[in-house]
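Visitor: Hi, I'm new to this one. Could you walk me through the spaces inside it and what surrounds them?

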Amino acid sequence: MTATTARGPGGTTGLWLAAAIGGAWAALHLFGIFFWAWDRAPVPLVVAAVLAQAWLSTGLFIVAHDCMHGSLAPGRPRLNRVVGTVALGAYAGLSYEQLHPKHHAHHRAPGTAEDPDFHPESPRRVLPWFVRFFRGYYTHGQILRITAVALLYLALGASLSSIVLFWAVPAILALGQLFLFGTFLPHRHTAEPFADHHHARSSRISAAASLLTCFHFGGFHHEHHLSPGTPWWRLPQVRRQAARLPR
């Protein structure tokens, strides 16, 4: 299957969606940290805001992921790199330059010992796999970048509790989403064999649930490996097109 790109009619859709995700994340991030008296707000409202920010944080990572595949802005590698760098930095101080080669290593040999997103010794156990995943992507440089921004926020009058609640907690929850729905469930070994050498499977959840859990990288993960140049928002279309092909 050939990769779908964002060229042609509607070719700016991915950029508009990325701007919407990034803008919503930034608005809630800044409002929650600097302006909202969340400690006096109803608990359900605070929980809803944190969960919404976690979902938007997952979206930031997915935007950066599309940048790694060049599908956010096809034919414009510099723009992809800039947007990916900003998205990962805002999400959790991650380095685009470090994650880019790791993600392509994942696509070269998914579900093997050469795959940095896979745990070859524990292909069915979630906890060891998560620990390996966490160690592989979180670095001292990231901690330094987060600390520098947090100190700047404190100097500007933010409270530490606001920074933790509206940046750290959503980032950790998003990490759980990305690992569980975007890595572990699609690539774990089960009694059912994988369909092909991609060692990936899609879940049977609805498109709406797929969007809410991991921006379609759970519900349509096998489709992503079949067509890595397809942006996240077009993955359901890949399945529909495949279903129409003659058998």
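Visitor: Which residues lie nearest the centre of the largest pocket?
Guide: Glu-192, Arg-201, Ser-202, Ser-203 and Arg-204 do, out of 17 residues that line the largest pocket. Keep in mind that this is a predicted model.

Visitor: About how much space lies in the largest pocket?
Guide: About 400 Å³.

Visitor: And what classes do its lining residues divide into?
Guide: The lining of the largest pocket has 8 nonpolar, 4 polar and 5 charged residues. Helix H7, residues 160-187, gives the largest share of that lining, with 3 residues.

Visitor: Let's switch to cavities. How many of 30 Å³ or more does the structure hold?
Guide: It holds 2. The largest cavity has about 330 Å³ of space. Its lining has 22 residues, and Phe-61, His-103, Asp-117, Phe-133 and Thr-183 are the closest to its centre.

Visitor: Which helices each supply at least two residues of the largest cavity's lining?
Guide: Helix H2 (43-68), helix H4 (96-108), helix H5 (126-137), H7 and H9. H7 has the largest share of the largest cavity's lining, at 5 residues. By class, the lining of the largest cavity is 13 nonpolar, 8 polar and 1 charged.

Visitor: What about the second largest cavity, what's its volume?
Guide: About 30 Å³. The residues lining the second largest cavity are Gly-14, Ala-18, Val-63, Asp-66, Leu-72, Pro-231, Trp-232 and Trp-233. Helix H1 (13-35) and H2 each give at least two of the residues in that lining. In class terms, the second largest cavity is lined by 6 nonpolar, 1 polar and 1 charged residues.

Visitor: Why does His-221 count as buried?
Guide: Because its relative accessible area is 4%, and buried means under 20%.

Visitor: So what does His-221 touch?
Guide: Not counting residues up to four places away in sequence, His-221 touches His-106, Gly-182, Pro-186, His-187, Ala-200, Arg-201, Ser-202 and His-216.

Visitor: Last topic: how many residues are in the largest nonpolar core?
Guide: The largest nonpolar core has 50, and those with the most contacts inside it are Phe-61, Ile-62, Leu-88, Tyr-91 and Phe-166. H1, H2, H3, H4, H5, H6 and H7 each supply at least two residues of this core. H2 brings the largest share of this core, 11 residues.

Visitor: What is Phe-166 in contact with, leaving aside neighbours within four places in sequence?
Guide: Phe-166 is in contact with Leu-28, His-29, Gly-32, Ile-33, Trp-36, Trp-38, Ala-49, Val-50 and Gln-53, with those neighbours left aside.

Technical notes: Residues numbered from 1 in each chain as written. Predicted model: local features only at pLDDT ≥ 70, side-chain atom pairs only at ≥ 80, totals over all residues. Heavy atoms only, no water. 1 Å grid on protein atoms, 1.4 Å probe; cavity = no way out; pocket = protein on both sides within 12 Å on 5 of 7 lines; lining within 4 Å. Points joined across faces, edges and corners; volume = space filled by probe spheres on them. Helix = DSSP H or I, 4+ residues; strand = E, 2+ residues; numbered from the N terminus. Nonpolar A, V, L, I, M, F, W, Y, C, P; charged D, E, K, R; others polar. Buried < 20%, exposed > 50% of the residue type's maximum accessible area, 1.4 Å probe, protein only. Contact = heavy atoms within 4.5 Å. Core = buried A, V, L, I, M, F, W, Y, C linked by side-chain atoms within 4.5 Å.
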